[in-house]
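This note sets out a few points for a reader who is new to protein structure. Please keep the sequence and the model in view while reading.

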Amino acid sequence: MATLARWCYRHRLVVLLLWVAALFGLGFAASTAGTDYANVFSLPNTDSKRAYDLMEKAFPDSAGDTDTVVWKVDEGTVRDQSVRSRIQPALDEIGKMKGVGDVAGPYSGERGAAQISENGKIAYAQITFAEQANAVPKELVQDVVDTAQNAERGGLHVELGGQAIQRVQEPPTGLAEMVGIVAAAVVLFLAFGSLFAMLLPIAIALFGVGTGLFSTQLLSHATDIPDLAPLLATLIGLGVGIDYALFIVTRHRRGILRGMKPEDSAVTALNTSGRAVLFAGGTVCIALAGMLVTNLRFLDGVVIGTSLTVVFSVLAAVTLLPALLGVLGTRVLSRRQRRKLEAGGTARSSEAESGEGPEPERASGAAARWSANVQRRPRTIATLAVVVMAVLALPVLSLRLGATDQGNDDASTTTRKAYDLLAEGFGPGFNGPLQVVVSSGDTGALVKDIGDTAGVARVAALPPAQGVTVIQVVPTTSPQSEKTDQLIDTLRDRVIPDTGAQAHVGGVTAVSKDFASITGDRLPLFIATIIGLGFLLLLVAFRSLVVPLTAALMNLIAAAASFGVLTAIFQWGWGLDLLGLGKEGPINAFLPVIMLSLLFGLSMDYQVFLVSRMHEEWVHTKDNARAVRVGLAETSRVINSAALIMVCVFLAFVLSGDSGAAMAGVGLAAAVALDAFILRTALVPAAMHLLGKANWWLPAGLEKRLPHLAVEPAEESLEEPSAEGGASVVHGFIRTADGDPVDGAVVTLLSKGGRQLDRVISLADGSYIVSVPASGTYLLAATAASYGARARHVVVDDGPLVYDVELAEGEVDAVN
């Protein structure tokens, strides 16, 4: 990794040109080829799939998307000449448009009368396009909408529904992405205080998402990829791309502030945090690939699109980012930091006393204080965190999987108004009719028995074709009602078998029910797969049984709480009006699988980042309390910043206009926020304090058999050891004469010749730890505002040395 980073840094112009060429080349190819996204809900061995196969064989020409024009009059009926003279010319004009295959209205044909409601107030016409919805040009759809709605007048209302119509009422493409990027930019600027440092993660995310989306678009011509895939790929790509770059840039800035040359700092950052990014990106891709165990073809395309985007984001982070770091040099720091760095020059020997020169990394006061509080009150904090997560998880007990439709759109949209008008005029079940496809048997008897079944509003048999008859069944309840699901079961289990006919229940509503049932059945296997995978990865990374068990439990808690939030908002309707997300309904059946995959991958990132720092401290000191306290204090700020960025990006997808993407965005935002702000910042460290040294227990036999994996290796020292022997540490507390801790004291370890070896800042509890390259005699200097400085020679043997320092106000105690 160091070799690659150095090459990219030194050949930055070449790397930048290659990435620009890749982005624009893929973009040109994708725009030339166009899109061929396809929503394939292939459910092998299901009743709805058998019905679909029979219909496709008997009616091969019914491939085009069918949309609906609905109109209602306040007075009179839709049969009045004043209404007909406005609607029929509009329908005739639509029928002549290129790309429109057929228009079936209520004023002509044998079946026209059935398209008028019983009270004569509402009527509809069906428009069949020549292509599927995602292939119909938006310009054509907009012409259809404008032509139909131009027929409106006082007392005559015209609305349109259908998949093609829904596409033209979506917000402008890129609005959600732009809002998310702007929000992330604000967080990054507040975190870095530098415009250039802020732009780096955003640039990496844009290159990663751009190349990933263009590649996915090209692949849509070779395999089935749903139109939801690019939205989800953008959502996860922006989140991980910005976060991965944030981790590396943070490590690079820390290196420069410690006095390293920009090139050495960039190489070190890539060799440490860059390795962690590779591990995290691989983990996310493996988690996404876990969706394949469900054997649902719809999710295969989602796996391809999201995984490609994550891969390109990781590649951009480990190749393009070091090149951009080379272009910017020290400009990744704020102006104040650059001025302070320049003022210190390279005079290292006097830094401990002067307080000038390169600025060391330090945990913020708030982070250090919170870490100390967790150590002091682990039971209280753990209990509060568990209670909060349990309360949030309660709604998940009523979770119902299904499918959203245009009845869940915002009340101001034409698709929602058309849906409500059809339900008002023809019954709630009209928007989701069932199709009983009969291949043999007494069709007449079956039609009669279905008509006599409770929950059926209307039933009619269509003219047969190639030995196949389709019976249209309109339920009395809406497509999302549990009673409609019960009607489907009744038809399949009792009505059809009693007549002896060979028939299958299909239609969009039946497909949605089967999809939800299969997803629910396979969800336990999927959860076991990704949890087991996470356990193995953390077991190898941290060589502990308790750490991966804790992580697995935390993942389950986070999933339950986030789905509880999702259920309360989208199924119970809490806050839907505030978010402008339409009407409550069931949770999309595919969402648990997608959300769990992404949550698993993202929570692994935070777990690795947090526990790797704790593990490093544990290896040095064998002090669990200190390891957990220091690890939390030094990583919580970055974890919280990264999580806040992801929450902003995910919530922005509420503006996407796609209910599935909005639901995924809210769910993932809730999951990431709960995971980072409650679990990783409170519950995990509190639990680790309570478990003590058991956190790091691993049976000796298993230790010998496990491979060694350095997720984020320690930074290589730029100085050679000054004495023979193994590396160690000096740690302890900086206190006043009264025993009070000194927060923010500068602690420096110097060689006999005055060469600085390590420099740290004491935490809120006064604790510090400095690395010693080898056993021998060193100078340990401590200085703090209002307390002066104190230095002492320390002798380090083979093990860690505990050394406390007492500072007195105004005292200066130097050792020559």
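Which strands does helix α3 lie across?

1. Helix α3 (residues 47–58) lies across β6, β8 and β9, and runs at about 105° to β9. Helices (H or I, at least four residues) and strands (E, at least two) are DSSP runs, numbered from the N terminus. Angles run from 0 to 180 degrees between N-to-C directions, with axes fitted as lines to C-alpha atoms, for helices over the stretch in contact; contact means heavy atoms within 4.5 Å.

2. This is a predicted model, in which local features need pLDDT of at least 70 and side-chain atom pairs count only at pLDDT 80 or more, while totals for chains, interfaces and linings use all residues. Residues are numbered from 1 along each chain as its sequence is written, and side-chain values use heavy atoms, leaving out hydrogens and water.

3. The order β7-β8-β6-β9 describes an open sheet of 4 strands with antiparallel pairing (two strands pair if DSSP finds at least two bridges between them). Its edge strands, β7 (456–461) and β9 (502–506), each pair on one side only. From one strand to the next, the twist averages 20°.

4. Strands β6 (residues 434–440) and β8 (residues 469–475) run antiparallel and are joined by 5 bridges. V438 stands opposite T469 in β8. Helix α18 (residues 482–499) also packs on the sheet, where it touches β6, β7, β8 and β9, and its direction makes about 175° with that of β9.

5. The whole structure holds 0 disulfides (a disulfide is a pair of cysteine sulfur atoms within 2.5 Å). For C8, the nearest cysteine sulfur is that of C285, 19 Å away. C8 counts as buried because its relative accessibility is 2% (buried means under 20% relative accessible area, exposed over 50%, partly exposed in between, with a 1.4 Å probe and protein chains only).
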